[in-house]
Amino acid sequence: MSENIVFQRPSVMADVATHYCPGCQHGVVQRLVAEYIDSRQLAEKTVMVTSIGCSVLLYNYLLMDAVEAPHGRAPAVATGVKRVAPDKVVFAYQGDGDLASIGMAEIMHAANRGERITIIFVNNTCYGMTGGQMAPTTLIGQKTTTCPSGRCASSAGLPLRMAEIMAGLPGVAYASRVAVNTTKHIAQAKKAVRMAFDAPLNDQGMGFVEILATCPTNWKMTPLAANQRIADEMIPYFPLGTFKDAKNAGAC
Amino acid sequence: MKSERIFVKGNEAVAMGAIDAGLKAYFGYPITPQNEIPEYMCEHLPEAGGAFVQAESEVASINMVLGAAAMGVRAMTTSSSPGISLMQEGISYLAGSELPCVIVNMMRGGPGLGDINTAQADYYQSTRGGGHGDYRTPCLAPASCQEAYELTREAFDWAFEHRTPVLIVGDAILGQMKEPLTRRAPRPADPAEGQDWRLSGAQGRPARIIRSLRLAEGTLARHNLGLQAKYDALQGLARADCFLTEDADLVVVAFGSIGRIAKSAVRKLRARGLKVGLVRPVTLYPFPSAVLRDLAQAGKRFLTIEHNMGQMVDDVRLAVRGIADSDFFGALPGNLPTPDEFEEAIAKACAGGRS
Ligand SMILES: Cc1ncc(C[n+]2csc(CCOP(=O)(O)OP(=O)(O)O)c2C)c(N)n1
Ligand code: SF4
């Protein structure tokens, strides 16, 4: 009887244990990126820009050329890479603190210039690496170490909806929000990652995908409860969907 | 290219030096008094096959430089004092990641918004690292348009040879003054530059990572020792322009445009019969300490003149420590110093030593 292998590690994924906490979905997101790169055989022409946050060691898990950016600056670093090497596939991988707080200027302007790069944006509604402080995406009422009685709109503003903001910028060709809390959502996320890479590859503009992910450690939840929180609390405020698709303009 | 003499501003000379050095990427943000550089670049760099982006800030500029430098191309940004402060984060990361690039600071008065007039108040910032962490950046200080052109060309060679950001510090005088310049033939691009470390897509080789994070035990210590060895090796590149120092009783130490103005003062004092000379450090880091130490050993006295409240004078004193000391004269910010202003200060220092 012959074996039929239906599931294996993508070749650009290193065969090592990651440093992520149990139930953390950075690993799931990185696998989706790896699957895309493998499917298109792009590993040899990709340059990754890694950022600051729990994902800073991404280059230990995805075996491609990488440059590490200072906190928030990944879109500027990616601009520098892409402008001198237009033949390369360039993507930046950023957390919500990195992209929506300290790096807000860099992402807005890279998007507005229509840099031919892909942004993988992982939104876990907190600063993971530094111990769960409030992020620009922290939900109203969500308790963190710097808003112990819950985020309050009157002093901290409302959580930023980045995918919608990005869709409003003309240089962005594709902007969507997905989640990785169920197998169905992971399948949708896989497609969104592909679209976010295809947009700059097809010279249409920046590709942006926001991925709702768990941080069980800082949410002080079990991985399963954290998954449930995405459905119960995050998706209602951060609706899933495609907010812009240049190939399919007007039909989202 | 014909070696004709052209009449250009110091800022344009810097831009021309960079393009003739094989510049492939320029990122910048407007600030007086260096706007002629991005203005020149946007027109001429694309013609020369390079990329130009007007960044949204100095923070973005330096990080675009970081990205381009990681690809192994000759990359540059330019700014003036407040903008350089914003770049310090990126400069620290470039130093930590051992990436080559050139950063030009056409200094103006500070602290804070200060004014837009000429000053040399960023000496500490330029020679002490400036950003966080244990690092140094080679720092070159031209005094004329021709020298600005030559040193900018040379800075890229230093940057690649030592895998380090290199600073060029001028000031509003240098940036804005017009002088004749002779351009040389552009340097042909070297396709092998950075070949053993640059990113290019991991084709036929293991993936490369350019980073400044070193978490595993002992790795940062090893890295910092390596950086220190690099800075030690740079000491041999220290350079100074000496003028009439041999028979001088008093040696004036001044850099950049102020060095040039001081030279006029020294000439006038020589005509008055005073035995004065000048050392103009061309490299601020590494500092030409040996030149000063030799002069101290030969019994000279020193007067440091700067366009600030006293910064380089620390390095002069360190250079001659145990043998001599240095007086200090600081031109105040907001004014354009004249040789006359320095003449009296130098004459006074000369007399002070005699009595
Ligand atoms: C300039 C600067 N400020 C602050 C920090 C500290 N810091 C490290 S990670 C981080 C937050 C990362 O949060 P996020 O982007 O949401 O990623 P996550 O860890 O949640 O994946 C911060 C503030 C830093 N490294 N650099
Ligand atoms: S702290 Fe949160 S984001 Fe970071 S690895 Fe742990 S679960 Fe993931």
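Q: Why is B:R272 called partly exposed?
A: The relative accessible area of B:R272 is 45%. Buried means under 20%, exposed means over 50%, and partly exposed lies in between, with a 1.4 Å probe and protein chains only. B:R272 is therefore partly exposed.

Q: What makes B:E343 buried?
A: B:E343 has a relative accessible area of 10%, and under 20% means buried.

Q: How do you know that B:R272 and B:E343 form a salt bridge?
A: A salt bridge is a side-chain nitrogen of Lys or Arg within 4 Å of a carboxyl oxygen of Asp or Glu. For the side chains of B:R272 and B:E343, the N to O distance is 2.9 Å. The pair links distant parts of the chain, 71 residues apart: B:R272 is in the loop between helix 9 (256–271) and strand 12 (276–281) of chain B, and B:E343 is in helix 12 (residues 339–354) of chain B. Salt bridges with shared partners join B:K268, B:R272, B:D340, B:E343 and B:E344 into one network.

Q: How far can these values be trusted as a description of the model?
A: The model is predicted: local features need pLDDT of at least 70, side-chain atom pairs count only at pLDDT 80 or more, and totals for chains, interfaces and linings use all residues. Residues are numbered from 1 along each chain as its sequence is written, chains are lettered from A and ligands numbered from 1 in the order in which they are written, and side-chain values use heavy atoms, leaving out hydrogens and water.

Q: Which labels do B:E36 and B:K9 get, buried or partly exposed?
A: B:E36 counts as buried because its relative accessibility is 16%. B:K9, at 21%, counts as partly exposed.

Q: What separates A:E35 and A:R31 in helix 1 (residues 26–40) of chain A?
A: They are four residues apart in that helix, so about one helical turn separates them. Helices here are DSSP runs of H or I with at least four residues, numbered from the N terminus. A:E35 and A:R31 form a salt bridge, with the closest N and O atoms 2.8 Å apart, and both are buried.

Q: How do you know that the radius of gyration of chain A agrees with a compact globule?
A: The radius is taken over C-alpha atoms, and the globule rule is 2.2 Å times the number of residues to the power 0.38. With 252 residues the rule gives a value near 18 Å, and chain A has 17 Å, which agrees.

Terms used:
Helix = DSSP H or I, 4+ residues; strand = E, 2+ residues; numbered from the N terminus.
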